[in-house]
Amino acid sequence: MKKIKSIVCLLLFLNCCAFSPVSGGFKTGDSADNVEIQLKAEAESLMTQTNNVSSSSEVAKIWKYVEYLWDKDRRPEAGRYIEAGLTFEPFNYYYQAKLALVLAEQGRNREAYDRAQIVYEKAEDEETVEMILPILKKSLPAQFKSMEAAEFASPTVVLVTMGEVNHLLVLELQQKISEYTGLAVVVFSETGTPPPPDRSFFTSEIRRMRPTILGMPEMVAWLNSHNIATASLATDNELFVKTMQQFLEENNPVAAKGFKTNMDLARLRLQQWSYDSLRDYLVAMAAPHRNEKWLLIGITSYDMYMADTNYVFAGTNPYAQAIISYRRFMSDFNQEPENRKRLLSRLFKQFLSVFGLLNGMTRCTFPDCARVFPRNIAEHDEKPEYLCDECRQTLEKLLKTRIQPKPARR
Ligand SMILES: [Zn+2]
């Protein structure tokens, strides 16, 4: 039995570096009343402390009860707990949005509007923004047109969304590029399905742990007793996970639940795409439609890398196309408070940087220019949101446009 326990620990360890296993949750047979009593007690145990709540997993106890009340349509009650949660996490815009909705329902329109306005400006998550649009009397941004043939009279920036993207962010980028460069900017959505990730920490972790787990005598015995051949488990990741799931369900159902959640999260989050795969996808998609006036740039939230790098913010083939990934510009990636303006600014600087390369320019080395190479996000943040005079004039000549000069120094 002790040996079984060590296998369970190993399996849960598979990605516990990134995610802690979920706690046991409620036993079946708990009545709805008991569930509520327990959730409420856990939420309120935090609310008596005023400033010692530091970890977000603790505040999650309050959010759990808020979600419970929200599902039951008990919003005014939920509102009280949201306010309590926000004393610990004021930059949680998802719950700021929910509080704005509660305030609006209570007729406290001014307060609802003010909160909704901040959520609109700051939230990087599109669903959060959508919640508060009615309070601001704004509507959803229109979906982008699918990519289609387009003959442009002059060089036109063609942004193509790849995978799931924040539409509001891409619209804001479109507007910023067009105002700054004086060029026409069109946004198309992709017409196909993006390729699967090329790197996955999910699979690399499995590769690392699998020989140990499959080599344990108790696991060998269990596999034999179930007539499961080891050979296929050693090569098929999905089959390995499915079999481990079965093992855990028989030996430790609570661990099985945690394992499943961790695996699902790992699959979703820890993934990377190679620039080459995304580029091939973009090129094939655009081939039937594009002409020489297209300045083709893919926009994606997929984390991207190139051959021998851990990651890249963007990739370019001069005179052909570029792809920008904004994954590493997002607050959740950098453990920062959300700020869509900062996200847009980072994305726009990356556009300027890539746009020069796309048009055949070499790297700039003047530090007061968006086209210098940043080694990390801090250096990227240090760059300005404009081009130096030399880069600007070169691009103006190449594209026959009028780009905004940099602000005058005082
Ligand atoms: Zn420059």
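**Reading the domains and the sheet**

Guide: The chain is divided into domain 1 (30-132), domain 2 (145-196 + 272-399) and domain 3 (201-270), with bounds that come from an automatic or database domain assignment. This is a predicted model, in which local features need pLDDT of at least 70 and side-chain atom pairs count only at pLDDT 80 or more, while totals for chains, interfaces and linings use all residues. Residues are numbered from 1 along each chain as its sequence is written.

Visitor: How many residues does each side give to the contact between domain 1 and domain 2?

Guide: Two residues are in contact if their C-beta atoms, placed from the backbone, lie within 7 Å. Here the contact takes eight residues from domain 1 and 11 residues from domain 2, and the elements giving two or more residues to the domain 1 side are helix 6 (109-122) and helix 7 (126-132). Helices (H or I, at least four residues) and strands (E, at least two) are DSSP runs, numbered from the N terminus. The centres of domain 1 and domain 2, taken over C-alpha atoms, are separated by 36 Å.

Visitor: What is the order of the strands in the open sheet, and which strands are its edges?

Guide: Two strands pair if DSSP finds at least two bridges between them. The open sheet has six strands in the order 1-3-2-6-9-8, with mixed pairing, and its edge strands, each pairing on one side only, are strand 1 (145-146) and strand 8 (314-317). Within this sheet, strand 2 (residues 156-162) and strand 3 (residues 184-189) run parallel and are joined by six bridges, and Thr-161 stands opposite Ser-189 in strand 3.

Visitor: Which strands does helix 8 touch where it packs on the sheet?

Guide: For such angles, axes are lines fitted to C-alpha atoms, for helices over the stretch in contact, and angles run from 0 to 180 degrees between N-to-C directions. Helix 8 (residues 167-181) touches strand 2, strand 3 and strand 6 (294-300), and its direction makes about 160 degrees with that of strand 3. Helix 14 (residues 275-286) lies across strand 2, strand 6, strand 8 and strand 9 (321-325), running at about 125 degrees to strand 9.

Visitor: Is Arg-207 buried or exposed, and why?

Guide: A residue is buried if 20 or more other C-beta atoms lie within 10 Å of its own, exposed if 12 or fewer, and partly exposed in between, with C-beta atoms placed from the backbone. Arg-207 counts as exposed because it has 12 C-beta neighbours inside 10 Å. Arg-207 has its place in helix 9 (residues 201-215).
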